[in-house]
Amino acid sequence: MHFLGTNSMNTKEVERNQLDLENEFVTLIQRNEGIIYKVTGLYSNTLEEEQDLKQEILLQAWKSFLRFRKDAKFSTWLYKLSLNVALNQLKKQKQKINTDYGIIANDQMFEKNYDDNHELLFYLIKQLNEVDRMMMTLYLEGYGNLEIAEITGITANNVNVKIHRIKQNIIQQFKKLNHG
Amino acid sequence: MVDQSYSNFDLKKVWQEMAKKKFLNKEIEKQEIMEALRSNSQSTIVNLKAGLRTKLNWIIGFMLFFGATAGLDWLKPGSDPEHLFYFGFAGLYLAGFLITYRKYQKIDVDPIDENSILSKLKMNRQAIKSVLNIERIWGMIAMLFVFIYKVNDWANKTHDDPKHLAITVSIFLLFIVILGFIAELANRRRFGKQLKKLDENIIRLETLS
């Protein structure tokens, strides 16, 4: 451990740098807060879960912030971190990570009246299994297959095939829900 | 009314519009972010202090046990002065408790403010490691105490049988070494990860310089 022996002058400098780092972190988070809200909205069922997940993402992001390479895109880094935290949170809650393909339609979906495509799309994405949800979110956010593959750990080929199938599935669900 | 035509359905466009609408008024306040940052270090220290509190409770327990045993033995008519041994042990535990408690009190779990993060973390780490060191030293002193007492006991009773002394002392020393080893393992299990986390936080702050 190389931490012994800092004198009080260095400590003050360190604490000033610490404050600079915190301010930088806060600014970046606030600039990309939409990412955190999207992930927490997609991976939580209650307001309490959403709040817990948001706190956990902020905490993990801070812990990893020193390792963040400034040449990389912060938004991509934050997305990867947030999605991993969400999946880990599900595992901790002892929820089985569902990898069954496709949207799990339920009665609620058919009873609900959707005012527009926006709300319906969000709901349909949320019905996907956890891994597909991650892929589709990144796809809809504009990430390419290679980037999605890097973030999710799935091969680019598989990403391409899955996204195509999920898109078709979503459109079918739109048709089914709106035409009965 | 939901759009009936799906031939040119642009999911990405719908998603972007959804995100703008749904999350337009949602903001993460700076306070919220800072609370998450603070909770990282604070929870580590709180957990460590809780572990030390348990340790102190055990010390009190042993102190009372040996004290009570000494008292009962002393009150027994015509008994050997074993109570001196137990009183001695109770005294050792009392001394251990007093020294440990002073260090324990120094650990500060009040919310960390912006101006003293590093120095506070270091101070807390020092206090916690002191307590664990005191426990090790205390263990060695206790071992010495038992050794001296047993030798003295042997000298007074069975001084014509050195084998008996050798066996008794060997068993006691072995027992205490094993106890010490178990205590070290228990400390590592209970405190190891948390101390490592605390050290990492300190290193994180220091590498900023």
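View 1. Helix H2 (30–75), helix H3 (82–106), helix H4 (117–157) and helix H5 (162–206) of chain B are the elements that give two or more residues to the lining, and H5(B) supplies the largest share, 13 residues. Helices here are DSSP runs of H or I with at least four residues, strands are runs of E with at least two, and both are numbered from the N terminus. Sorted by class, the lining holds 24 nonpolar, seven polar and seven charged residues, with Ala, Val, Leu, Ile, Met, Phe, Trp, Tyr, Cys and Pro counted as nonpolar, Asp, Glu, Lys and Arg as charged, and the others, Gly among them, as polar.

**View 2. An aromatic pair and an aromatic cluster in chain B.** Rings of Phe, Tyr and Trp (its six-membered ring) pair if their centres lie within 6.5 Å, and planes under 30 degrees apart count as stacked, over 60 as edge-to-face and the rest as tilted; by this rule there are 26 aromatic pairs over all chains. B:Phe89 and B:Tyr93 both lie in helix H3 of chain B, four residues apart, which is about one turn of the helix. Their rings form a tilted pair, 6.0 Å centre to centre, with 50° between the planes. B:Phe89 counts as buried because its relative accessibility is 11%, and B:Tyr93 counts as buried because its value is 12%; buried means under 20% relative accessible area, exposed over 50%, and partly exposed in between (1.4 Å probe, protein chains only). Both residues belong to one aromatic cluster, whose members include B:Trp58, B:Phe62, B:Trp138 and B:Phe145.

View 3. A:Phe74 and A:Trp77 lie three residues apart in helix H4 (residues 74–92) of chain A, about one turn of the helix, and both are buried. Not counting residues up to four places away in sequence, A:Asn32 touches A:Phe74, A:Ser75 and A:Leu78, a contact being heavy atoms within 4.5 Å.

**View 4. Helix H2 of chain A.** Ten of the eleven residues of helix H2 (residues 33–43) are buried, so this helix is largely enclosed by the rest of the structure. Among the buried residues are A:Glu33, A:Ile35, A:Tyr37 and A:Tyr43.

**Notes on the views.** Residues are numbered from 1 along each chain as its sequence is written, and chains are lettered from A and ligands numbered from 1 in the order in which they are written. In this predicted model, local features need pLDDT of at least 70, side-chain atom pairs count only at pLDDT 80 or more, and totals for chains, interfaces and linings use all residues, while side-chain values use heavy atoms, with hydrogens and water left out.
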